Amino acid sequence: MARTIQAIRGMNDILPDQVYLWEFFEQAIRECMAAYGYRNIRMPIVEQTDLFVRSIGSVTDIVEKEMYSFSDSLNGDSLTLRPEGTASCVRAALEHNLLYAGPQRLYYSGPMFRHERPQKGRYRQFHQVGAEALGYAGPDIDAELIILCGELWKKLGISDVRLEIGTLGSAESRALHRGRLIRYLERHLGRLDEDASRRLHSNPLRILDSKNAEMKEIIEGAPRLLDDLDEDSLAHFEALQGILREQGVDFEINPRLVRGLDYYNRTVFEWITSRLGAQGTICAGGRYDGLVEQIGGKAAPACGFAMGIERTLALMLESGAKVAGSAPDAYVIHRGEVADGFAWKVVRRLRDGGLKAILHCGDGSFKAQMKKADASGARFAVIVGDDEAQAGEISVKPLREAAEQVRVGLAEAVDLLGASPRMI
Ligand code: ATP
Ligand code: MG
């Protein structure tokens, strides 16, 4: 026998029994986004590598070590499997001039790829839902995005999640802060890990985002960006807090919230749970006023978030969510020359009537077929023998309740099966 081929490490199959939960989630997303006026957009999974380098930033974990990049064998272009959706979404909005029609509320969902060390809640192919509000400058849209998430958690039955917010200020205030931060970190040079030493002068702010526990103490003692904030950013941050308070949204301010991508400014936020171990951030976002221009568009402010679907579903399960697929209404068993042909007509009629009907395929005695009917979870077995077929009738046997088997004409079958077994 040939050696079996397995899926790539960190890339998961989502099996039918799990898909029910995904579909439940996707339906909740569609309803929630529609309720807030966010429209779905679908971008390609592969983009020019440069799009991500320019937007996410070259001195970030994603661009330095996590991207799946390859060269197009036909023309040598450097292409990348998208590690996130914001850059593609902004690229698409610009390419199709969506912003000419005014600000846009958009959302997307799909697989993302990052070459990370696979562990619980961290995969190489994972999925995100992201919302992007392009062309909006005020703190009201930041608040709207946060409130939308809060509503979604309710819809999904998730309660054990807290909101942290922070601000990165303007490019100017970050530049001012950068100098102070470098001077502080230089005083602790011997204790910086390899990443931090390398980033000390290229991207010191990124050091605050380190996942290395040994760096924790140094990070705690670092000067706070909040203290170097420009006036406008401070006003924006305070207005956001005002709206959240007024709308009854609980939050904590985290002055160390940095985010792993360079394009953020002003507002940043994360939704975090303590129930998923180290991979506790289920959703993260913020404002990225410079990105549209950076990607080549006319400057436009923007704000958005991305939610990790695997982590969110894991938290739903932790919170006791139970989602099962709906069982078929009927499993049609048949045996006999006339019956085999008539059975096709029966399933067609049931399906046309809006019922879920499975046609037994393959051979088998009535007894063996009946076992299959039972195992399918169907509410009814529909039995077609030559005798029934010749009369244009079927026998209906309720499988989930103690009720009598009845024989009816095909025309009545849809009504009968659409009703509860009790009514027979
Ligand atoms: P982390 O700090 O956990 O690496 P991140 O800051 O790199 O996350 P973002 O780029 O902000 O993550 O992505 C938004 C969300 O997508 C995360 O909060 C998380 O829920 C999810 N996510 C990111 N990377 C992965 C991954 N490798 N596997 C599963 N989910 C992920
Ligand atoms: Mg990461």
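Figure 1. Isoleucine 165 is buried, with a relative accessible area of 0%; buried denotes under 20% relative accessible area, exposed over 50%, and partly exposed in between, using a 1.4 Å probe and protein chains only. The structure is a predicted model, in which local features need pLDDT of at least 70 and side-chain atom pairs count only at pLDDT 80 or more, while totals for chains, interfaces and linings use all residues. Residues are numbered from 1 along each chain as its sequence is written, chains are lettered from A and ligands numbered from 1 in the order in which they are written, and side-chain values use heavy atoms, with hydrogens and water left out. Isoleucine 165 belongs to strand S7 (residues 162–167); helices (H or I, at least four residues) and strands (E, at least two) are DSSP runs numbered from the N terminus. Leaving aside residues up to four places away in sequence, the contacts of isoleucine 165 include Ile146, Phe237, Leu240, Leu244, Phe251, Val268 and Phe269, where contact means heavy atoms within 4.5 Å. The C-alpha atom of isoleucine 165 is separated by 9.8 Å from that of alanine 284, which is 119 residues apart along the chain.

**Figure 2. The eight-stranded sheet that contains S7.** Eight strands form this open sheet, in the order S1-S5-S6-S11-S10-S9-S7-S8 and with mixed pairing; two strands pair if DSSP finds at least two bridges between them. Strand S1 (39–40) and strand S8 (252–253) are at the edges with a single partner strand each, so one side of each has no neighbour in the sheet. S7 and S8 run parallel and are joined by two bridges. Within this pair, isoleucine 165 stands opposite isoleucine 253 in S8. Helix H5 (residues 139–156) packs on the sheet and touches S5, strand S6 (125–134), S7, S9, strand S10 (281–287) and strand S11 (302–308). The direction of H5 makes about 20° with that of S11; axes are lines fitted to C-alpha atoms, for helices over the stretch in contact, and angles between N-to-C directions run from 0 to 180 degrees.

Figure 3. The structure holds zero disulfides, a disulfide being a pair of cysteine sulfur atoms within 2.5 Å. For cysteine 283, the closest cysteine sulfur is that of cysteine 149, at 3.8 Å, which is too far for a bond. Cysteine 283 is buried, with a relative accessible area of 1%. Cysteine 303 is likewise in no disulfide, and its nearest cysteine sulfur, in cysteine 149, is 10 Å away. Cysteine 303 also counts as buried, at 0% relative accessibility.

**Figure 4. Two non-glycine residues with positive phi.** Asparagine 97 has a positive phi of about 55° although it is not a glycine. Asparagine 97 is located in the loop between helix H4 (86–95) and strand S5 (104–113), and is partly exposed at a relative accessible area of 39%. Arginine 266, also not a glycine, has a positive phi of about 45°. Arginine 266 lies in strand S9 (residues 265–272) and is buried, with a relative accessible area of 18%.

Figure 5. The domain assignment, automatic or from a database, gives domain 1 (16–170 + 230–318) and domain 2 (330–419). The C-alpha centres of domain 1 and domain 2 lie 49 Å apart. Strand S12 (residues 330–335) pairs with S13 in the parallel sense over three bridges, and valine 332 has leucine 359 in S13 as its bridge partner.

Figure 6. Histidine 334 is situated in strand S12 and is buried, with a relative accessible area of 12%. Its side chain makes a polar contact of 2.8 Å with the side chain of aspartate 340; a polar contact is a pair of N or O atoms within 3.5 Å, in which, within protein, one must be able to donate a hydrogen and the other to accept it, and residues adjacent in sequence count only if both atoms are side-chain atoms. Helix H16 (residues 410–418) has the buried residues Leu410, Ala413, Val414, Leu416 and Leu417. The cover over these buried residues of H16 includes S12, H13, S14, S15 and S16.
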